[in-house]
Amino acid sequence: MTDADSAAVAVPALQARSDVERTTYIPHMGDHSFAMAAAMRHHGMPAAVLPPTDDRSLALGLAACGGRECLPAFLALGDILKLTRDAGFDPARSAFFFPGSCGPCRFGHYTALLRDLLEERGLGDVRLISPSAANAFHGFGHRPRPLRQLAWQGLIAVDLLDRLRLETRPYAQERALAEEAYQAGLRDVMEAVEQGGGGRLVRALRSAVPRFTGIPRTTDELRPLVGIVGEIYVRWNEHANRGLVRQVEELGGEVLLSSMGEFVHFSTYRLRAVARASGDWPALARGALTGAWQWLAERRLARVVEHALRRPDEAGSGFVVRAVTPFYDATLGTEAVLSMGRAIDYGRMGAHGILNVLPFSCMPGMVVGGMAPRIRRDLGQLPWLDIPYDAQKETNIRTRLEAFMYQVHQFRARTGRDPLRRHSRLRV
Ligand code: SF4
């Protein structure tokens, strides 16, 4: 979901001291939600992640919405409504974490929709915490900057753990071992975040590495590489994407999955761009400092695991913007820029195919699908499949994926393309 445009927006923030006494519930978009909850707990705010999305979430979301909303709205709102039906739910002691945006797609409306739904159900006492992409998620919590910094560290740590898993699982003699290594790493990382991150987090990641590298492999031959780009919620929520990563691995591929960190990097980048364009020099300086701090914090954690990673880092926001500029105005923002830029990045990294995931009727997703022929042409007719997800359980996706993976194998055989290894280029 989302956009990172226009910094000139009033940002809803946590203001009342009583938030400390409320439990904040965070929808389970992906495991990064646990990092946010742990960071909030460290700062004295009780927080928990909502149970994983399931068919009941979808049913409740569909019943509550008008039908023109996007799949992530059905699912995330459904997750929330599911909890409100629990007998012990107390609106006066609860808050929901539900990030917002000023547009330009439908995402900008969902916080207001959630507020309406809660009030209609007599749950107006529930507080909403809605940090905005518009200011790169600054400004929530009683100590906004330390909380944001700690959440950022946790989010990056989850991204790194996921990269270790993605590079290990397809080659593991027992896939379950890679999953166990990931879950153990996740537990350590969350504990470290809850204790304040920093050196503890470095140590948690360091101890995660041998759990992955020690897993016996089936072969040293590398599989074809498939980059997954597209809408952030569907990309990371396994229920929404019907286990897409697992399906690609079952069909003989290895996956590159656009990180969660890229979105925050891009939001910060856009904040600077908007400040520069409007001559707001203090905001530009703040954005530059935030970007530099994010980069340094990320490098500190990445250094711990990078010797165990085969694939290069994602290119930065500057690369993404330059990559799409010849055919799309990057100032339009939105996930369209990120998805197209990342697809180009993966193409140059040596991927053998691109999957673009989008909720049915997603506005940025349709822009990306429309631009795909141009991007593919520049990348040597790289195999590309758009996968629109609706609420129908996507019964035909497997067949289309099988055809796509056949093209991916053929593309690799025809081009002899060997993906880049780490350190073969610098982060741009
Ligand atoms: S239009 Fe797309 S990006 Fe916007 S809220 Fe809907 S699913 Fe998310």
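**Close-up views of a predicted model**

Across the interface of domain 1 and domain 2, the rule finds zero salt bridges (a side-chain nitrogen of Lys or Arg within 4 Å of a carboxyl oxygen of Asp or Glu). This is a predicted model, in which local features need pLDDT of at least 70 and side-chain atom pairs count only at pLDDT 80 or more, while totals for chains, interfaces and linings use all residues. Residues are numbered from 1 along each chain as its sequence is written, and side-chain values use heavy atoms, with hydrogens and water left out.

**View 1**
Domain 1 brings 17 residues to the contact and domain 2 brings 18 residues, where contact means heavy atoms within 4.5 Å. About 1500 Å² is buried between the two domains, with 70% of this area from carbon and sulfur atoms (buried area is the accessible area, 1.4 Å probe, that two parts lose on being put together, summed over both).

**View 1. The side of domain 1 that touches domain 2.**
Five residue pairs are in polar contact across the interface of domain 1 and domain 2, both residues at pLDDT 80 or more (a pair of N or O atoms within 3.5 Å; within protein, one must be able to donate a hydrogen and the other to accept it, and residues adjacent in sequence count only if both atoms are side-chain atoms). On the domain 1 side, the elements giving two or more residues are α2 (55–64) and α3 (71–84). Helix α3 gives the most, with five residues. Helices (H or I, at least four residues) and strands (E, at least two) are DSSP runs, numbered from the N terminus.

Look for Thr-111 in helix α4 (residues 110–120). Thr-111 counts as buried because its relative accessibility is 17% (buried is under 20% relative accessible area, exposed over 50%, partly exposed in between; 1.4 Å probe, protein chains only). Leaving aside residues up to four places away in sequence, Thr-111 touches Phe-98, Pro-99, Gly-100, Leu-128 and Ser-130.

**View 2. Asp-125 in its loop.**
Asp-125 sits in the loop between α4 and β4 (127–129). Apart from residues up to four places away in sequence, Asp-125 touches Arg-22, Pro-91 and Ala-92. Although Asp-125 and Ala-95 are 30 residues apart in sequence, their C-alpha atoms are 8.8 Å apart in space.

**View 3. Glu-249 joins Arg-175.**
Side chains of opposite charge can pair when their charged atoms come close. Here, Glu-249 and Arg-175 form a salt bridge at 3.1 Å, N to O. Glu-249 lies in helix α9 (residues 244–250) and Arg-175 in helix α6 (residues 175–194), so the pair ties together parts that are 74 residues apart in sequence. Glu-249 is buried, at 3% relative accessibility, whereas Arg-175 is partly exposed, at 33%. Both belong to a network of salt bridges that also links Asp-162, Arg-165, Arg-169 and Glu-179.

**View 4. Asp-345 and Arg-342 in one helix.**
In this salt bridge, the closest N and O atoms of Asp-345 and Arg-342 are 2.8 Å apart. The two residues are separated by about one helical turn because they are three residues apart in helix α13 (residues 334–349). Asp-345 is buried with a relative accessible area of 0%, and Arg-342 is buried at 3% relative accessibility.
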